[in-house]
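This report goes through the backbone and packing of the structure shown below.

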Protein chains: 2
Amino acid sequence: MEVFLKSVAALNDETRVLILRFLDEYGECCVCDMQNSLNMIQSRLSRHLKILKEAGFIRVERKGTWAYYSIRSPLDKFRSESIKEITYLEIELPELKKISETRECKI
Amino acid sequence: MEVFLKSVAALNDETRVLILRFLDEYGECCVCDMQNSLNMIQSRLSRHLKILKEAGFIRVERKGTWAYYSIRSPLDKFRSESIKEITYLEIELPELKKISETRECKI
DNA sequence: TCATTAAATCAACATATATTGATATTATAA
DNA sequence: TTATAATATCAATATATGTTGATTTAATGA
């Protein structure tokens, strides 16, 4: 029950649904790129990434000061069905702005 | 997005997960029987039933003063996967107390 | 019509969660 | 080391949601 409710609670927020959709579309992405692309302030984004991570939807890999997030793989049936369902929603996805690669983050 | 979030929000509560599991196990059931079986006060149960109904998980059929709730059928993929996932949770299910049939409700 | 019963809704309150700006942590490089 | 940049966490506040007891609504039968 606890694990299920944690997954469901993580899905129960428009911001997090958008983040999942974003990562599913563009693949691994660092926080500052998401800040830029999704136009979210850092603390807000960080909070939601933590919730999604602890609910088992995403994973992090640290590379220096950067944290790269991506959809966890493999996902169990319920989580992957959830992601699939989110894909069907046809959310308007902002374009990916990869400033991290230019070494000009300074967000 | 709105419909998806409504479904997810409906799942995001231990009480409602239990109600779904209960209805899935025992089939159509009236409110007073659920009150008794699940040991919930009427207003609480009624609120959760409404949320589940509006999220598309269950349906009601009125028979006189009684309201019979059951899992809606057919369910779309996400909702039926959710119900399936809930079944796997192995929730301890209280037994069904069918007092409504004895005509001695007076709850 | 009036009383009774099942169910729905309301009002008050308590708890949980989201947002923001400020601060802390961690890694890198000068 | 010290400064800087990326990310995480904290504190304060606002909003959403759950619980309860009281009230309302709707259907039935005397």
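A:Pro74 lies in the loop between S3 and helix H5 (77-88) of chain A. The model is a predicted one.

Most residues other than glycine have a negative phi, and most peptide bonds are trans. A:Asn39 has a positive phi, near 60°, and is not a glycine. The residue sits in the loop between helix H3 (31-38) and H4 of chain A. B:Asn39 likewise has a positive phi, of about 60°, and belongs to the loop between helix H3 (31-38) and helix H4 (42-54) of chain B. Their accessibilities are tabulated here.

| Residue | Relative accessible area | Class |
|---|---|---|
| A:Asn39 | 66% | A:Asn39 exposed |
| B:Asn39 | 67% | B:Asn39 exposed |

How do two helices of chain A, H2 (residues 14-26) and H4 (residues 42-54), cross? Their axes come within 10 Å and cross at roughly 75°. H2(A) is therefore roughly perpendicular to H4(A). On the H2(A) side the contact is made by A:Thr15, A:Arg16, A:Ile19 and A:Leu20; H4(A) contributes A:Arg44, A:Leu45, A:Arg47, A:His48, A:Leu49, A:Ile51 and A:Leu52. By type, the residues of this contact between H2(A) and H4(A) are six nonpolar, two polar and three charged.

Chain A also has an open sheet of three strands, in the order S1-S3-S2 with antiparallel pairing. Strands S1 (29-30) and S2 (58-63) of chain A are at the edges with a single partner strand each, so one side of each has no neighbour in the sheet. S1(A) pairs with strand S3 (residues 66-71) of chain A over two bridges, in the antiparallel sense. A:Cys29 has A:Tyr69 in S3(A) as its bridge partner. H2(A) packs on the sheet and touches S1, S2 and S3 of chain A, its direction making about 90° with that of S3(A). H4(A) lies across S2 and S3 of chain A and runs at about 120° to S2(A).

The largest nonpolar core has 59 residues, and A:Met34 and B:Met34 are those with the most contacts inside it. Beyond residues up to four places away in sequence, B:Met34 touches B:Ile19, B:Phe22, B:Leu23, B:Cys29, B:Asn39, B:Leu45, B:Leu49 and B:Tyr69.

Conventions: Residues numbered from 1 in each chain as written. Chains lettered and ligands numbered in written order. Predicted model: local features only at pLDDT ≥ 70, side-chain atom pairs only at ≥ 80, totals over all residues. Heavy atoms only, no water. Core = buried A, V, L, I, M, F, W, Y, C linked by side-chain atoms within 4.5 Å. Buried < 20%, exposed > 50% of the residue type's maximum accessible area, 1.4 Å probe, protein only. Contact = heavy atoms within 4.5 Å. Axes fitted to C-alpha atoms, helices over the stretch in contact; angles between N-to-C directions. Helix = DSSP H or I, 4+ residues; strand = E, 2+ residues; numbered from the N terminus. Parallel < 35°, antiparallel > 145°, perpendicular 65-115°, else oblique. Nonpolar A, V, L, I, M, F, W, Y, C, P; charged D, E, K, R; others polar. Pairing = 2+ DSSP bridges.
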